[in-house]
Amino acid sequence: MMRKMKSGVLAHLEGLEAQMNRACKRSEKPWRVQARESALGTKIRELRRLRDKLKAEVKRRQQTTEKASLASTECDQTVETREQEALERKRESVKAILQAYRFTGLSGKLTSRGVCVCISTAFEGNLLDSYFVDLVIEKPLRIHHHSIPVFIPLEKIAAKYLQTDLQHFLFSLCEALNAYSGRKYQADRLQGEFAAFLTGPLQRNSLCNLLSFTYKVDQSSSFRARLLYEDLTVTLPTDVTVTPQGTEALSALREEQRAAHEALFRTEPLHKVFASFAREEELSVSVAS
Amino acid sequence: MGRTRQMDVNLAEFVRRTILKIPMAKMMTILKTWGFLSENQLQTLNFKQRKDSFAQDLILQCEENRATISDVALLDIVYTQVHQHQKIWNVFHMNRKPDEEVDIFDMEEFKRTFKKILHRALKNVTVSFRDAEDDSVWIRIAWGTQHKKPNQYKPTYVVYRSQTPYAFTSSSPLKGVVPLLGQALMTASRHHQIVQMDLRSRHLDSLKAIVFKQFNQEFENHNSITPLQEGTLGLDINMDSRIIHENTVEKERVWRVTQETFGVSPPPQLEFAQYKLETKFKGDLCGGILADREEPLRCLIKFSSPNLLEALKCLAPAGIADAPLSPLLTCIPNKAMNYFKIRDK
């Protein structure tokens with residue numbers, strides 16, 4: 001068994017052992033061994049130093065190339081961000097324009113089915129409520145859903161114009177809604193700001209097309225006013241009656257006042273009339289004092 | 001100081017029973033809204049005593065102010081306005097001739113005409129009005145006969161918003177009054193036809209939202225914030241990130257279909273939907289008692305819930321039903337119906 005292994009590892013080890021024995025027999029002088037040892041040690045140290053130096057050089061070169069490439073990508077990035085910022089600003093501006101379209105009174109947004117129209121009502125420069133009509137564009141054209149109040153004659157207007165003349169439909173609806181908003185605005189302001197002039201509750205209805213109230217402007221007796229808006233597209237009454245409260249006959253002065261008020265209500269918006277009453281009162285107070 | 005006139009016994013009883021209905025917690029608010037007693041009188045009332053004695057004190061104050069039936073009827077209206085859900089409300093739809101006439105609604109004229117028609121038909125009837133917000137009026141009718149005084153404890157309430165074709169009435173145990181009520185409403189509001197709708201609920205506000213189409217009011221426009229794109233129904237927001245949904249595509253489809261059908265905002269509140277079926281039985285099993293019958297199977301299916309539409313909205317996302325739901329269920333708010341009769345075509 002052992003003989004077979006002679007060509008293998010064991011044989012090699014035996015050879016090395018024999019070699020070492022022969023070297024011992026030659027008996028080299030101890031100081032020579034030491035010298036050789038120290039020479040080898042120096043060489044090892046020299047080689048290590050060279051290795052470290054080369055490693056440092058490689059590292060240094062790697063770092064410089066990295067920095068160079070980083071600088072170039074940074075340059076690209078700033079260009080990119082600047083472009084992105086410009087696009088973002090443009091997008092915001094377009095969005096703002098689209099949002100601002102509501103100030104024209106009639107705007108819309110495309111939907112998957114058709115278009116959603118937004119009617120923004122206004123009166124005398126005051127932006128009031130907005131109403132929506134979601135239209136489905138198919139044959140026949142139909143209204144998917146809407147936020148038009150139930151007392152606005154939407155069905156009537158749709159029956160007349162929706163299928164034949166969409167522009168006319170939208171225009172008529174705009175007209176009706178703007179007029180309603182305007183009348184409502186006047187009635188709300190009378191009930192709010194100028195409530196002090198009223199001597200009883202303001203009688204109104206959903207469409208604000210019939211307003212009835214009693215009011216007093218100076219120390220004398222009050223008047224009853226009845227404003228009728230027979231046309232749903234107007235914000236000024238089609239018919240005004242001002243009657244005196246109380247049973248005694250009117251003096252000439254009071255009759256003049258009554259007629260003047262009737263004319264005022266016919267030609268000026270309601271809240272403007274009462275604003276003028278308020279101004280007159282202020283004037284008379286300041287004159288008196 | 002003269003002795004205050006003793007109130008009519010029946011009237012005093014009416015006051016007493018009305019006061020006893022009102023919960024003490026709401027008493028001050030309701031009395032203030034009523035506006036019949038002065039601030040001083042309200043201050044002198046002792047709210048800490050037993051209700052019986054409180055009612056007696058109040059009767060004395062009403063005597064001082066010479067209260068009439070109309071005044072107490074107004075108190076009853078205020079009570080009902082605060083406790084709307086105690087009544088079941090029906091909806092009536094009115095039509096007028098399709099002419100060009102613009103609706104000039106005069107509230108005073110409406111009230112006059114309404115009262116006149118009822119008084120003409122019935123000698124004994126108490127009609128009271130109270131104006132409400134939204135240009136509406138609340139009407140209270142206590143019914144009597146030719147020979148009997150009006151029964152103040154079984155009144156009918158009507159809520160009507162001017163220049164609209166809808167009126168809301170409380171369910172009355174007195175069924176015979178409905179035609180007369182309809183007649184009065186129709187004539188006073190200048191319509192020529194009135195029909196009861198198949199829509200009923202305790203929630204008056206929800207009924208208004210349905211017929212005035214004030215639900216589901218989201219519209220696409222450039223000014224609104226776009227609705228949430230993430231498919232949630234509030235359930236998944238706080239879920240652990242280590243949990244993944246296997247079926248996200250289907251979940252998102254279901255969520256999208258549900259949103260398209262029901263909208264984003266909370267739906268009107270209805271408590272039930274009733275389906276009266278008169279259809280032939282269609283079953284999978286061959287044979288059996290119900291199969292091969294010529295006559296239709298009559299059955300009544302009733303869905304109940306504190307908030308039926310909200311519950312239906314949650315069915316598909318919860319995995320209990322397929323989306324889209326049957327149109328018989330989803331059409332409820334759009335058709336303004338929650339009572340259906342279904343027959344074979």
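How many helices and strands does chain A have? In this predicted model, chain A comes out with six helices and seven strands.

**View 1. Chain A from end to end.** Reading from the N terminus, the elements of chain A go α-α-β-β-β-β-α-α-β-β-β-α-α. The radius of gyration is 50 Å, whereas the globule rule gives 19 Å for 289 residues, so chain A is more spread out than a compact globule. Along the principal axes, its C-alpha atoms fill a box of roughly 160 × 65 × 40 Å. Take contacts in chain A between residues at least 6 apart in sequence: 40% of them join residues at least 24 apart.

**View 2. The surface and charges of chain A.** Out of 289 residues in chain A, 31% count as buried. The chain exposes about 19,700 Å², with carbon and sulfur atoms supplying 57% of that area. As for charge, chain A carries 44 positive and 36 negative side chains. The centres of these two sets sit 23 Å apart.

**View 3. Where chain B meets chain A.** Here 27 residues from chain B and 29 residues from chain A make up the contact. Between them the two chains bury about 2,400 Å², and 55% of this lies on carbon and sulfur atoms. Which residues of chain B lose the most area to chain A? They are B:F219, B:E220 and B:H222, which together account for 29% of what the chain B side buries.

**View 4. A cis peptide bond in chain A.** Zoom in on A:K139 and A:P140, and you'll find them joined by a cis peptide bond, with omega at about 0°. A:P140 sits in the loop that runs between β3 (126–136) and β4 (142–146) of chain A.

**View 5. A cis peptide bond in chain B.** Chain B has a cis peptide bond too, joining B:A323 and B:P324, with omega again about 0°. The loop that holds B:P324 lies between α10 (308–315) and α11 (327–330) of chain B.

**View 6. A positive phi at A:E124.** A:E124 isn't a glycine, yet its phi is positive, at about 50°. Look for A:E124 in the loop between β2 (114–123) and β3 of chain A.

**View 7. A positive phi at B:N216.** Over in chain B, B:N216 is another residue other than glycine with a positive phi, this one near 55°. B:N216 belongs to the loop between α8 (204–211) and α9 (248–262) of chain B. Why does B:N216 count as buried? Because its relative accessibility is 19%, and buried means under 20%.

**View 8. A:N178 and its contacts.** This view picks out A:N178, a residue of helix α4 (residues 166–192) in chain A. With a relative accessible area of 24%, A:N178 is partly exposed. Leaving aside residues up to four places away in sequence, A:N178 touches A:S120, A:T121, A:A122 and A:T235. One of these, A:S120, is 58 residues from A:N178 along the chain, and the C-alpha atoms of the pair are separated by 8.1 Å.

Terms used
Residues numbered from 1 in each chain as written. Chains lettered and ligands numbered in written order. Predicted model: local features only at pLDDT ≥ 70, side-chain atom pairs only at ≥ 80, totals over all residues. Heavy atoms only, no water. Helix = DSSP H or I, 4+ residues; strand = E, 2+ residues; numbered from the N terminus. Rg over C-alpha atoms; globule rule 2.2 N^0.38 Å. Buried < 20%, exposed > 50% of the residue type's maximum accessible area, 1.4 Å probe, protein only. Contact = heavy atoms within 4.5 Å. Areas by Shrake-Rupley, 256 points an atom, 1.4 Å probe, with all protein chains shown as cover. Lys, Arg positive; Asp, Glu negative; His and termini not counted. Charge placed at Lys NZ, Arg CZ, Asp CG, Glu CD. Buried area = accessible area lost by both parts, 1.4 Å probe.
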